[in-house]
Amino acid sequence: MVSVCFYFQVHQPFRLRKDYSFFDIGANHFYEDEDANREVCNKVSRKCYLPTNQAMLELIQKHKGKFKISYSVTGVVLEQFERYNPEVLESFKRLAETGCVEFINETYYHSLSFIYSKPEFKKQVIKHRQKIKELFGQTPKTFRNTELIYNNDLAKFIEDMGYKTILAEGADQVLGWRSPNFLYQPAGCYKLNLLMKNYKLSDDIAFRFSNRGWNEWPLTADKFARWVHGMSGNGEILNLFMDYETFGEHQWEDTGIFAFLKALPEKVLKHRDFQFITPGEVSNYYTPVAKINVPYFVSWADIERDLTAWIGNPMQNSAIEMAYAMEKEVMASKNQELIDVWRKLLTSDHFYYICTKWFSDGDVHKYFNPYETPFDAYVVYTNILNDLKLTIEQLIHQQ
Amino acid sequence: MKVLMFGWEFPPFISGGLGTACYGVTKGLINNGVEVTFVIPTRRGRENADVRVLGADEVPLLRIEEIPFIRDSKLMKKRAKIIGISSKGPVSPYYTSKGSMRYMKFDASYAAKTRRVATRINAERGSILEFAGNYGGRLFEEVENYGAVAESLAFLENFDIIHAHDWITFPAGVRAKLISGKPLVVHIHATEFDRSGENMNPHVYNIEKYGMQNADKIIAVSYYTKNIITKRYGINPKKIEVIHNAINREKQIQRYNIKKKNGEKTVLSLGRVTMQKGPDYFLEAANLVLKKIKNVRFVMAGSGDMLPKMISRMAELKIADKFHFTGFLKGMEVEKIYAMSDLYVMPSVSEPFGLTAFEALLYDIPIIISKQSGVSEVLRNAVMVDFWDVKKLAGTMIALLENDKLARRVVEKCQEEIKNISWNNAGYKIKKLYEALV
């Protein structure tokens, strides 16, 4: 039996006010660009979340339990749904009720905390786990880290926290000659399963679907199913990991992405040796074929598949180090509101906006970047951190 | 160019802040070739050596019914002679000729009021009014009387433009305009909102607004003041030009509601962020200062092609909690950043002059400039370093930040040195403003 494992990432950051200036430091404690956040959330809900959730629900009903999917929905986007689009939350709850949908655990704030503070990382993971339990009635057994950032240490940490499965990018520098289409185990772990993204087939949908310059365009469900079935005999599990916004937002409706999605499960299931599973179910069917050693961090971003989208340039390093350097003081304040504000500032997107790589990935960066330049993003971010720092200092002083 | 200027203070007769400012403006104008007649309530018999000053208590009042209005001031003098009175004799403007009707229409109620007041005051031909010329209990009465004198002066004096300083002289300015038909500039050094906050005197407010409305142009001493004039008095911002005087730092700090952490100081560098301005030397020196003293912040204000590099370098130095970028600033933002600053640094590599150093002094801030800037030739008392000598620059910053007395001495000595230049600078701008109106 060969399994297809879909996992979709659902995330929207709390964007910051682009006009937050030096003069606001010490005077203005409202950091969020509420208008932009509401607008984006409304737009993406309309174009992607609502119609795609509806399509998924219909597919699950149509295939009577044979079509299964998984999501990682960040805490920060859940908060925005609660605030701006409760109907999206309701539609995710309906999906959860089908029993065919697994909700994956990550850091609540979609942060890089594992790299900078293990205690903070753990708190954010637990916070996200509780949120999922509360909203969808599941206790997650699968973990994925922000942007599929992964290494041996992370896997060990996650195993120790009691998780059964972890997801990672099937990056070339990690796999080498090996195929991503098997179940693996992280080096140093004894229980944890490792699923590795098949970036070739995942990106055919996520990035290339509407690319008319691509020699496989147009991509039909038939063609894609044929590629999937081609795995028969040389793989056990196909991990298709992608941003959920692929449907309707990155690939617009008029590209035919919804028709493709609606047709695909049937085409895949036509071959009786193929089935859909969720990450939490892998151990029912497979045992790891080998250990994978990942001493250095990998991610699913850009062509480097490393951390350079978020950290590496001096501004990114300065910003993120300054943010995490405040952890002790923030926690000491014992002010839950301030702690939440600080945590929202840890969301990885803020550092992504400060990225200065302007080669082939520049376009993607630009698409997601509300700022005109990474320098602007850095100045706004540090202005806000400085204000938060002052606020906390004052609070501690008063106490 | 001849200007008839109305003020309430003028050194050495009475000199508060307003008097000093008026003296500066007058000197600046004279140095730019403008002839100034400065009117104050009373000279008490004393003279000012280099400015023609008239006391309102020396001007005989004219009678209202006798003299028809004539626009041309030369003709007015002639007319005075024709009807047999010298310019010292009793003559009085009258609002019935064609020209004057235009002004009556312009504000008929005011004209009527003026006539009534003037008539009351001018019970006696050629009478002289007495002025205390202070801000005492008879202030409103004196303001009215001063206006009546202005009518006579408008008739007797020969001038191209009228310039009135602050509300106390606005009735005078407007009446002189009504009589002469010459353009009026009102100069706002402080508004009633500055003086009294929300508890302002409505009578003063009305006079201010009346003056602003009837002026052809308004000079505001700061963008802050301009903002008040547009917001509180409903004046079209296009009518207002900002020309800075010397600025009181404490006042600015109050105005912009600047609160600082206990003892924390701010060091500013403002200007285009380009190679020529030496922003990199400022940044590197700041980094050295931060290694020695903690209670200090640095601000690089401005934009330019080197800004990204500076931001990146600052990040590399990991001083983001102490070093800030504002981008390009204008108007009130510039005033605010100066008000927040305790030290100004201009490390220019090459600078023909360096106006921002002047500006900083105008805002009462001690400065450090590079020996390579043109302004260093004028400011012999300024603290100077070679732009490339980052260590020296850092050491000097620390010295000025830690020694308030030294910093004050630097400001005062430099301000003394540039007094004339800043007056001339303001005078030049005001002259240009006159020329556009005449």
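In the predicted model, strand S5 (residues 165–169) of chain A pairs with S7(A) in the parallel sense, over five bridges. Within this pairing, Ala168(A) lies opposite Met196(A) of S7(A). The two strands belong to an open sheet of three strands, ordered S4-S5-S7 in chain A, with parallel pairing. Strand S4 (142–143) and strand S7 (193–197) of chain A each have a single partner strand and therefore form the edges, one side of each being left without a neighbour in the sheet.

Elsewhere in chain A, helix H2 (residues 75–84) contributes a set of buried residues, namely Gly75(A), Val76(A), Val77(A), Leu78(A), Gln80(A) and Phe81(A). The surroundings of these buried residues comprise both strands and helices of chain A: they pack against strand S1 (2–10) and strand S2 (69–73), as well as against helix H1 (34–62), helix H3 (86–97), helix H5 (118–136) and helix H14 (336–344).

In chain B, the packing of helix H1 (residues 17–31) with helix H16 (residues 404–437) was examined. The axes of these two helices of chain B come within 7 Å and cross at roughly 70°, which means that H1(B) is roughly perpendicular to H16(B). On the H1(B) side, the contact is made by Gly24(B), Val25(B), Lys27(B), Gly28(B), Leu29(B) and Asn31(B); these meet Trp423(B), Asn424(B), Ala426(B), Gly427(B), Ile430(B) and Lys431(B) in H16(B).

The contact between the chains involves 15 residues from chain A and 16 residues from chain B. On the side of chain A that touches chain B, helix H12 (314–325) and helix H17 (374–398) of chain A are the elements that give two or more residues. The greatest contribution to this side comes from H17(A), with six residues. Eight nonpolar, five polar and two charged residues make up the side of chain A that touches chain B. For the complex, the predictor gives an ipTM of 0.87 and a pTM of 0.83.

The chain averages a pLDDT of 83, and 85% of the residues score at least 70. Among its elements, helix H11 (residues 279–292) of chain B has the highest mean pLDDT (98), whereas helix H3 (residues 98–106) of chain B has the lowest (30). The pLDDT stays under 50 over residues 64–71 of chain B, a stretch with 36 contacts beyond four places in sequence in the model. Residues 78–123 of chain B likewise have a pLDDT below 50, and this stretch has 76 contacts in the model beyond near neighbours in sequence.

How values were computed
Residues numbered from 1 in each chain as written. Chains lettered and ligands numbered in written order. Predicted model: local features only at pLDDT ≥ 70, side-chain atom pairs only at ≥ 80, totals over all residues. Contact = placed C-beta atoms within 7 Å. Helix = DSSP H or I, 4+ residues; strand = E, 2+ residues; numbered from the N terminus. Nonpolar A, V, L, I, M, F, W, Y, C, P; charged D, E, K, R; others polar. Axes fitted to C-alpha atoms, helices over the stretch in contact; angles between N-to-C directions. Parallel < 35°, antiparallel > 145°, perpendicular 65-115°, else oblique. Buried ≥ 20, exposed ≤ 12 C-beta atoms within 10 Å, placed from the backbone. pLDDT = per-residue confidence, 0-100. Pairing = 2+ DSSP bridges.
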